Amino acid sequence: MGKAKVHRTSPSLDMTPMVDLGFLLVTFFMLTATAAPDEPVAVDMPSSVSEIKMPETDILLITVADDGKVFFNMDGKYNRQELLKSMGERYNVQFSDEEVARFAVMSTFGLPIGQLKEFINLAPDERKKVNQPGVPVDSLNNQLKDWIIFSRMANPKLRIAIKGDSDTNYPVVEKVINTLIDNKVNRFNLITNMERNPS
Amino acid sequence: MAEVSQGGGGGGHKKGGKVRAKKASTKIDMTPMVDLAFLLLTFFMLTTTFNKPQTMEITMPEKPKPEDKLPEVNEKKVVTLVLGKNDKIYWYHGITDPKIEVTDFSANGIRKVLMTQNSQIPGMILLIKPSEESRYKNMVDILDEMNITNMQRYALVPITPTDKELIKESNL
């Protein structure tokens, strides 16, 4: 008796559509990905129901860490160059053209201007190891004020955002806010995580 | 068909005596490429964050100039919220001889207080006074609460020694 033969299909199936889709997704994610800037401190933001999205450019970001250190960042390569030059003039610190160029591509920092030159000259991976003391915001030596003034001169469209840690003590935040108000920055943004609106 | 003939090498003589080019398959093994593609896909999918941070926009009043006359308000309309330590909120209505009560940031706490006070006091003005012991989170939460309960008139003001005394006396 002849056995009933099972009709065998080829085990290799056409994977072309799957690969097409795979590449489409790869392209999509590669193009939309933005490298996360390395932050010197981890900040755990409080949450709010606000749904205003953060604008992408022209941001001056003031980070307040939970230990009360204040960090500064501004975007825009050319604006940063201008900012460092004017800050150098204000505090009589000479920055060479190379240092200015290196500063332009740096991210957040939290240093008094006196230590900034040394910091700029470090290699990028060495910078991460530096324990940054924070930008001084005391009433006697308020360097944050000058950073804000000169940033706004470099880029008048600048929006100011405060990214604070949930556990920061209020007096530090108050100092930062008062610095802003003293410079006639009455409108600013507080960066928060999203939370569902209970109502 | 779309097959590339490989130049005559090795093709043996067939029956017809014709030199036939050996036909190599054009199908290349795409497995490594696909592997890599999916590796990249996984990497980018896992590292991408879609949610851009939200922001809360606040507008502070301008610093009053010394010659400016400050507006006067009826103390009956004023409700003061003092943000204390350990996520507590002390609140009182009016200025003279206030009755201090304590509440927290939960939905049944400050939100209820705000709702009831708002319905009782027409044109309520809220003064938010974060104390030195309060944290940034408290400030953001209370401003958020203002948005949720749709309060129209509120201000963030520095705490006064009187407020500190009141809270100390209340022992709450």
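Let's start where the two chains meet: in this predicted model, 42 residues of chain A are in contact with 35 residues of chain B. On the chain A side, the elements that each give two or more residues to this surface are helix H1 (16–32), strand E2 (52–53), strand E5 (159–164), helix H7 (170–182) and strand E6 (187–194).

Strand E2 of chain A pairs with strand E3 (residues 54–59) of chain B in the antiparallel sense, over two bridges. To find the spot on your screen, look for A:Ile52, which stands opposite B:Thr55 in E3(B). For the complex, the predictor gives an ipTM of 0.74 and a pTM of 0.73.

Now let's follow chain B itself. Its secondary structure consists of four helices and eight strands, and along the sequence these run β-β-α-β-β-β-β-α-β-α-β-α. Chain B has 172 residues, of which 20% count as buried. Among its contacts between residues at least 6 apart in sequence, 57% join residues at least 24 apart.

Next comes a sheet in chain B. Five strands make up this open sheet, in the order E6-E5-E4-E7-E8, with mixed pairing. Strands E6 (101–104) and E8 (154–156) of chain B stand at the edges with a single partner strand each, so one side of each has no neighbour in the sheet. From one strand to the next, the twist averages 25°.

At the E8 end, strand E7 (residues 125–130) of chain B pairs with E8(B) in the parallel sense over three bridges. Here B:Ile128 has B:Leu156 in E8(B) as its bridge partner. Helix H3 (residues 136–148) of chain B packs on the sheet, where it touches strand E4 (78–83), E7 and E8 of chain B. The direction of H3 makes about 150° with that of E4(B).

Over residues 1–5 of chain B, however, pLDDT stays under 50, and the model has six contacts beyond four places in sequence for them. Residues 7–14 of chain B also have a pLDDT below 50, with eight contacts in the model beyond near neighbours in sequence. Where pLDDT is low, predicted coordinates should not be read in detail.

Note on methods
Residues are numbered from 1 along each chain as its sequence is written. Chains are lettered from A and ligands numbered from 1 in the order in which they are written. This is a predicted model: local features need pLDDT of at least 70, side-chain atom pairs count only at pLDDT 80 or more; totals for chains, interfaces and linings use all residues. A residue is buried if 20 or more other C-beta atoms lie within 10 Å of its own, exposed if 12 or fewer, and partly exposed in between; C-beta atoms are placed from the backbone. Two residues are in contact if their C-beta atoms, placed from the backbone, lie within 7 Å. pLDDT is the predictor's confidence in each residue, from 0 to 100. Two strands pair if DSSP finds at least two bridges between them. Axes are lines fitted to C-alpha atoms, for helices over the stretch in contact, and angles run from 0 to 180 degrees between N-to-C directions.
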